[in-house]
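Visitor: I would like to learn how to read a fold and a helix pair. Can you take me through one example?

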Amino acid sequence: MLGDKIKEILYEYVKIESFTNTSGERLVEEFFTGHFEKIPYFKEHPENWGLYPLEDDPLQRNVCWAIVRGKGNKTVAMVHHYDIVDIEDYKLLKPLAFSPDELAAALADHKDMLPEDALVDLEAGSFVFCRGGCDMKAGGAIQYALLEEYSKLANFEGNVIVLGVPDEENLSAGMRAAVRLLAELKEKQGLEYLMMINSEPHQRKDFSKGVFSEGTVGKMMPFVYVRGFLSHAGKVFEGLNPVSVLSEIVAKTEVNMDFADVVDGEAAPPPTWLYQKDSKDRYDVSMPLSAQGCFSVLTLKQTPAELLGKVKRVCEDGFLTVIERLNENYEKFLAATGQPVKKLPWKVKTVGFGELYEEAKAQHGTVFEEAYEMERERILRDLAEGRINMIEGNFQLIEKIYDYIEDISPRVVYGLLPPYYPNVSNVYFDGIAEEASGLSEKLSTYTQEEYGQIYDKEYFYTGICDLSYINIDDPTAQRESVAGAMPLFGAYYDIPFEQIKAVSMAGINIGPWGKDFHKLTERVYKEDLYERTPRILDYAVKLLLK
């Protein structure tokens with residue numbers, strides 16, 4: 001039975017400790033190869049499956065792909081990621097994190113560790129508990145089991161390709177490589193892509209209703225670098241502390257709903273800051289020279305240019321607030337010490353990364369360009385060898401530019417850090433195939449008839465996922481706006497905008513019900529995993545390829 005096959009695949013799949021952005025992800029390739037080389041269709045057609053390398057990847061990871069070719073060129077693509085997050089919260093149960101049955105038994109002996117909802121599910125035996133089962137090897141097991149079933153069918157109508165990708169929990173390097181693979185297969189085999197089906201787990205507000213997502217939220221990570229003016233702590237009005245400016249910018253942006261998109265009753269969560277640091281690495285009695293940070297913004301409709309416009313305005317407002325507060329207190333200080341009142345010299349100055357780069361280039365020409373390129377190459381080596389992280393590398397590049405900036409007055413520099421996930425939804429996509437139009441409604445009718453259960457439609461999956469890279473309107477404009485704002489773009493990090501345009505297709509998330517992603521109590525609903533979701537997914541494929 002199909003459910004038994006899914007369980008067999010899942011239990012082997014979750015054994016693999018494929019932590020994101022580690023060499024452990026490559027262990028999945030052995031599992032994938034071992035599985036598909038036993039299937040008669042893929043034995044006979046070795047050209048229809050394999051490993052596709054991630055370009056310039058320090059870990060030498062691959063996309064695992066397999067396609068069942070049938071009649072015609074119409075093609076349904078399915079995708080899932082196989083990387084997982086860490087297991088620190090499992091504590092003494094870490095050795096059992098990848099063994100569902102053993103973990104369930106152990107959790108039953110540690111009930112005090114569990115919230116009430118998880119305990120109810122554990123005692124009911126209705127969910128599979130383990131790391132990576134829900135997010136998202138369950139979806140992968142369903143896709144692989146269905147593909148094997150399709151490989152047995154004679155006179156199969158259309159084509160189905162399944163992609164297993166690494167790195168989704170990090171920078172989605174796997175999906176960005178998969179787009180290149182899809183573009184190559186389209187060109188070589190004349191495939192016509194109708195829809196991308198992701199199988200991330202869905203969450204439920206109403207437990208009686210499932211959810212189909214016809215797109216995904218986007219994600220951008222603006223950075224802010226504040227250059228202050230050095231002074232001894234005993235001479236505070238002779239300097240400008242960059243920490244005060246950054247703090248004001250943080251206060252004006254943290255969970256600020258002005259940054260949150262709203263589309264037809266769906267709202268993106270407001271932004272939150274992920275990193276803040278000043279430039280001092282030891283104690284002394286002077287102010288720090290600079291402070292920097294970055295924050296996460298989820299989007300439903302904003303473009304990079306629109307978001308950066310908001311960031312610029314809030315940086316200017318924050319800077320002005322600090323200057324006004326400084327002048328107010330400086331006036332009080334002068335009055336208290338019997339000195340004549342005057343203003344401090346500080347002015348609001350805010351520039352984008354690209355503007356700062358061009359300023360240094362205008363002042364020092366090729367001398368700056370050569371030094372900048374040498375510094376970027378060093379940073380890329382350090383990133384590849386794990387000596388620094390992406391955020392550190394970004395701000396080291398900003399510091400290098402400042403070596404060639406002659407204006408030493410305080411200012412704010414803003415831009416973008418990787419990754420960039422475009423917001424994508426079928427509601428925006430003009431090129432939707434006729435077969436894919438209205439699919440959610442057709443599937444919901446099916447689930448009501450077969451299972452007596454309604455599935456609601458949402459325009460955006462809010463968990464961030466690889467559907468961000470399935471279609472695009474203007475690749476040139478997207479590339480220009482991101483490249484001009486992101487110091488590490490093009491070398492350390494790139495997006496195949498042109499290939500996305502070439503393979504553009506509608507998307508949908510059809511996955512099992514899951515709870516507590518990334519937590520000790522991560523779990524996936526057995527009925528969905530073994531019975532309902534596979535049949536919904538199969539029905540979707542039949543509707544698309546009929």
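This is a predicted model: local features need pLDDT of at least 70, side-chain atom pairs count only at pLDDT 80 or more; totals for chains, interfaces and linings use all residues.

Visitor: How many helices and strands does the protein chain have?

Guide: The protein chain has 15 helices and 20 strands. Its radius of gyration is 26 Å, close to the 24 Å that the globule rule gives for 546 residues, so the chain is as compact as a globular protein of that length. Along the principal axes, the C-alpha atoms fill a box of roughly 90 × 55 × 45 Å.

Visitor: What share of the residues counts as buried?

Guide: Of the 546 residues, 57% count as buried. The accessible surface comes to about 23100 Å², and 50% of this belongs to carbon and sulfur atoms. Look at contacts too. Among those with a separation of 6 or more, 78% join residues 24 or more positions apart.

Visitor: How are two packed helices described?

Guide: By the angle between their axes and the distance between the axes. Take helix α10 (residues 353–384) and helix α11 (residues 390–402). They pack at an angle of about 145°, with axes 7 Å apart. The crossing of α10 past α11 is right-handed.

Visitor: Which residues make the contact?

Guide: On α10 they include Phe 353, Leu 356, Tyr 357, Phe 368, Glu 375 and Arg 376. On α11 they include Met 390, Gly 393, Gln 396, Leu 397 and Lys 400.

Visitor: How do the residues of this contact divide?

Guide: In the contact of α10 with α11, 14 are nonpolar, 2 polar and 4 charged.

Conventions:
Residues are numbered from 1 along each chain as its sequence is written. Side-chain values use heavy atoms; hydrogens and water are left out. Axes are lines fitted to C-alpha atoms, for helices over the stretch in contact, and angles run from 0 to 180 degrees between N-to-C directions. Helices (H or I, at least four residues) and strands (E, at least two) are DSSP runs, numbered from the N terminus. A crossing is left-handed if the near helix is turned anticlockwise from the far one by less than a right angle, and right-handed if clockwise. Contact means heavy atoms within 4.5 Å. Ala, Val, Leu, Ile, Met, Phe, Trp, Tyr, Cys and Pro count as nonpolar, Asp, Glu, Lys and Arg as charged, and the others, Gly among them, as polar. The radius of gyration is taken over C-alpha atoms; the globule rule is 2.2 Å times the number of residues to the power 0.38. Buried means under 20% relative accessible area, exposed over 50%, partly exposed in between (1.4 Å probe, protein chains only). Accessible areas come from the Shrake-Rupley method with a 1.4 Å probe; for residues, only the protein chains shown count as cover.
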